[in-house]
Amino acid sequence: MLETINFLLCGVGGQGTILASDVLVNVGLAAGFQAKQAEVHGMSQRGGSVTSHVRWGKVVYSPLIGAGEANVLLAFEKLEALRSLKSMRLGALALVNLQVIEPLTAISGDQAYPSDETLRKAFAQVTSHVEYINGEEIAGSLGNLKVANVVLLGALSALLESGGQAGVGLTPEAWLKVIAERVPPKHIELNRKAFQAGREAVGKK
Amino acid sequence: MIKMLSGNEAVARGMWEAGVAVASAYPGTPSTEILENYALFPNVYTEWAPNEKVAVDVAIGAAYAGRRGMAVMKHVGLNVAADSFMYASMTGQEAGLVIVTADDPAMHSSQNEQDNRAFAKFGRVPCLEPSDSQEAKDMVRTAFELSERFDTPVLLRLTTRICHSATGVELGERNTPTAESKPFPRNPAKYVMVPGNAVKRHPVIEQRIRDIALFAEAFPYNRLEPGNHSLGILTCGVAYQYAREVFPQASILRLGMTWPLPEKMIRKFAQSVERLIVIEELDPFIEEAVRLMGIAVEGKSIFPITGEFDPRVVRESAITTGLLPESAHVPLPDVETGPLPGRPPVLCSGCPHRTTFYILNKLKVPVNGDIGCYTLALTPPLSAIHTCGCMGAGIGVAHGAAKAGSPEHHVAVIGDSTFFHTGIPALVNVVYNNSPVTTVILDNRITGMTGHQENPGTGRTLLGQETTRVELEPLVRALGVQHVQSVAGYDVKAIEKALKEYIKLDEPSVLIAVEPCALMPEVRKRWIPLEVLADKCNGCTLCFRIGCPAILKSEELDEKTQRPKALIDASLCTGCEVCAEICPRLAITFRPAEVEEVEMEGNVSC
């Protein structure tokens with residue numbers, strides 16, 4: 001097991017990255033780690049990029065992850081995944097949601113949104129542990145696009161187990177307990193399904 | 001039990017545990033959530049003040065009256081409140097008085113990154129700096145105890161990274177000081193700062209800060225963590241965490257009180273190590289004070305004076321200056337992603353401010369802006385903000401430019417909350433000294449940028465109680481402005497007509513554009529996406545000029561012009577109809593009529 005595990009979450013305001021990082025830091029705490037979380041979301045409400053740092057470890061000092069030190073990248077959007085690529089440690093685990101949210105700079109035609117090929121080629125240069133997932137499609141099949149973030153968390157939980165990084169002693173139930181504490185009671189079952197669907201999407205029950 | 005709390009939540013908890021009687025603030029990132037969270041505790045009094053100066057005076061009033069008072073603000077708020085902060089230091093108070101400043105290294109959402117520890121030194125006031133959420137909570141009580149023990153205000157300095165990081169906190173019990181009901185003090189020698197009294201108070205506060213410096217020598221938050229003798233690090237705040245991480249072997253003296261400094265402790269520490277460095281964000285505040293003690297120290301020759309630190313910044317600075325070996329370097333992935341489109345914050349789809357800026361852009365007038373969401377109109381295609389410096393600045397700047405003979409008609413734009421904050425005196429000046437400035441008050445019925453806080457114009461308080469609504473139009477008329485009108489924020493024609501008329505006037509004029517923020521929950525319920533009628537759209541691009549994120553370029557080209565037609569993203573469109581109003585070919589649908597009726601009824605009933 002690593003001394004410290006550094007999760008970098010990135011996406012666009014409104015995608016649920018904040019809830020996801022809140023879940024993640026509390027799962028770390030429940031698993032007996034010291035855990036810290038830092039939100040970098042200045043003006044995210046106005047459609048800007050959102051980044052959140054979560055760290056688990058025996059002892060964690062800095063709430064921020066230095067560039068080049070992320071062990072796990074959880075990217076909610078393709079362009080933001082590419083933007084955060086350089087913050088990753090070589091060979092780190094990456095889970096990339098294939099959603100596209102075009103920024104105004106791309107809509108106006110001034111700058112091109114990167115192609116899927118660019119994304120996959122760039123990631124291949126940094127790590128072989130990359131998993132692509134269509135969180136919106138899975139969430140849509142469950143009837144609520146908003147649970148895409150929990151789909152991603154489910155997939156992440158499974159990947160952590162197979163990577164052996166920090167899955168030690170962490171059951172899906174431990175994650176679901178933390179999630180259940182953070183969603184309205186009437187949505188607990190939906191979130192449970194979303195979490196499970198995320199796990200299955202990366203080949204784990 | 002350990003609970004994950006952000007620094008702001010932790011401060012709120014600390015306030016509750018310490019029994020703060022009155023807490024007042026003006027919202028400002030990164031401090032806003034402190035009072036929002038404090039308001040959730042039972043039986044507390046807390047309020048949004050119109051500005052930070054008022055908030056500090058309110059906290060002072062409570063402390064004069066013998067109850068713990070607190071004022072909370074972002075760093076630049078203390079500039080607004082500086083006058084009150086300085087007199088509070090002169091008078092002291094009957095019960096604890098704590099002022100929270102949330103500084104913003106890296107300017108995540110601010111106009112500068114001033115280091116407010118300077119205010120502590122300037123005002124002869126002690127400054128406490130937590131390094132995580134646990135300390136943020138605990139130091140609130142400590143600050144009040146210090147305040148009461150030494151009869152002084154205390155500055156509790158946070159930074160964005162402390163405010164917005166969640167770390168584990170062990171909660172404590174509520175332990176309010178037993179407050180005897182006593183009459184308001186009649187002690188003019190202490191509380192009436194006429195020169196004759198102030199002259200006598202000045203030596204008192206100079207002695208007070210010397211006494212606190214002695215107290216600091218045994219202050220438990222000034223903590224020595226012995227290590228290797230080759231390197232000694234003086235540090236504070238969140239920088240302590242980076243120091244601990246990057247230099248695990250070093251000796252560290254973590255200062256929880258950064259003003260006044262414990263000179264003996266620092267001297268002893270310096271003697272115990274071979275090389276002494278300071279790791280502090282922003283100003284060389286500790287470094288310069290230590291150098292003044294005659295102690296050899298390095299700091300800003302190694303670490304940056306600008307921006308926010310993180311472990312990488314600290315490590316790479318140390319490598320570059322030879323403090324750490326090259327082998328400590330953490331490589332970045334060597335990968336070429338090509339240019340990536342930026343994702344700057346923009347005015348939201350359905351933002352009621354958009355209409356005004358679309359017209360101002362058309363009129364090509366100089367626009368003196370202010371602090372709020374509307375500052376985002378500076379970017380293309382709206383490009384209609386030409387100055388923005390601080391809260392309440394725009395009206396005064398417009399007046400000054402007009403008086404200097406600027407050949408164009410100046411328009412100042414300011415939000416409702418910012419107008420209450422510091423816009424009113426500036427508008428009084430426009431009237432009193434008569435300039436032809438047109439002021440547009442963008443009244444979105446809320447304090448928007450910081451995430452929907454109540455203000456004097458909303459009719460509700462921070463505690464959710466209904467209250468008198470300060471009406472803008474009568475207020476502006478009462479100030480003596482002759483040309484005033486309120487228009488609906490989405491009414492393109494009315495705003496254009498009014499502004500065209502006003503910019504020809506030789507007298508002050510005020511246009512109030514009223515429309516609630518499109519993101520408010522009750523407004524969201526009324527969202528109805530509009531549609532582009534592809535057979536009518538000829539790709540004229542006019543609707544692209546309002547810069548709405550919901551209007552996209554379709555892949556379908558117009559046969560004649562070969563330009564892309566417009567397309568509306570139904571997931572973002574609120575149905576504000578601004579694009580529909582300006583479309584010359586009626587190619588964008590309006591809201592269905594029956595929905596408008598329902599909406600009207602809704603408005604009448606509330």
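Predicted model: local features only at pLDDT ≥ 70, side-chain atom pairs only at ≥ 80, totals over all residues.

Which residues of chain B form one aromatic cluster?

Reply: The cluster in question is made up of Phe150(B), Phe215(B), Phe219(B) and Tyr221(B).

Over all chains, a search of the whole structure gives 14 aromatic pairs. One of them joins Phe33(A) to Trp56(A) in a stacked arrangement, with 5.4 Å from centre to centre and 20° between the planes. This pair ties together distant parts of the chain: Phe33(A) belongs to the loop between α1 (17-30) and β2 (34-40) of chain A, while Trp56(A) lies in strand β3 (residues 49-57) of chain A, and 23 residues separate the two. Both Phe33(A) and Trp56(A) are buried.

Rings in chain B also meet charged side chains. Arg254(B) places its charged end over the ring of Tyr240(B), 5.8 Å from the ring centre. Likewise, the charged end of Lys553(B) is found over the ring of Phe544(B), at 5.6 Å from the centre of that ring.

Seven cavities of 30 Å³ or more are present in the structure. The largest cavity holds about 120 Å³. It is lined by 17 residues, and those closest to its centre are Cys537(B), Cys540(B), Cys543(B), Ala566(B) and Cys583(B). By type, this lining comprises twelve nonpolar, three polar and two charged residues. For the second largest cavity the volume is about 100 Å³. Eleven residues line this second cavity, with Cys348(B), Cys351(B), Cys373(B), Cys517(B) and Leu519(B) closest to the centre. Here the lining splits into eight nonpolar residues, two polar and one charged.

Last, the sheet. In chain B, seven strands make an open sheet with mixed pairing, in the order β3-β2-β4-β5-β7-β6-β12. The edges are taken by β3 (46-48) and β12 (257-259) of chain B; each has a single partner strand, so one side of each lacks a neighbour in the sheet. Within this order, strand β5 (residues 97-103) and strand β7 (residues 154-159) of chain B run parallel and are paired over six bridges. Thr101(B) has Arg157(B), in β7(B), as its bridge partner.

Key: Residues numbered from 1 in each chain as written. Chains lettered and ligands numbered in written order. Heavy atoms only, no water. Pairing = 2+ DSSP bridges. Helix = DSSP H or I, 4+ residues; strand = E, 2+ residues; numbered from the N terminus. 1 Å grid on protein atoms, 1.4 Å probe; cavity = no way out; pocket = protein on both sides within 12 Å on 5 of 7 lines; lining within 4 Å. Points joined across faces, edges and corners; volume = space filled by probe spheres on them. Nonpolar A, V, L, I, M, F, W, Y, C, P; charged D, E, K, R; others polar. Phe/Tyr/Trp six-rings, centres within 6.5 Å; stacked < 30°, edge-to-face > 60°. Buried < 20%, exposed > 50% of the residue type's maximum accessible area, 1.4 Å probe, protein only. Lys NZ or Arg CZ within 6 Å of the ring centre and 35° of its normal.
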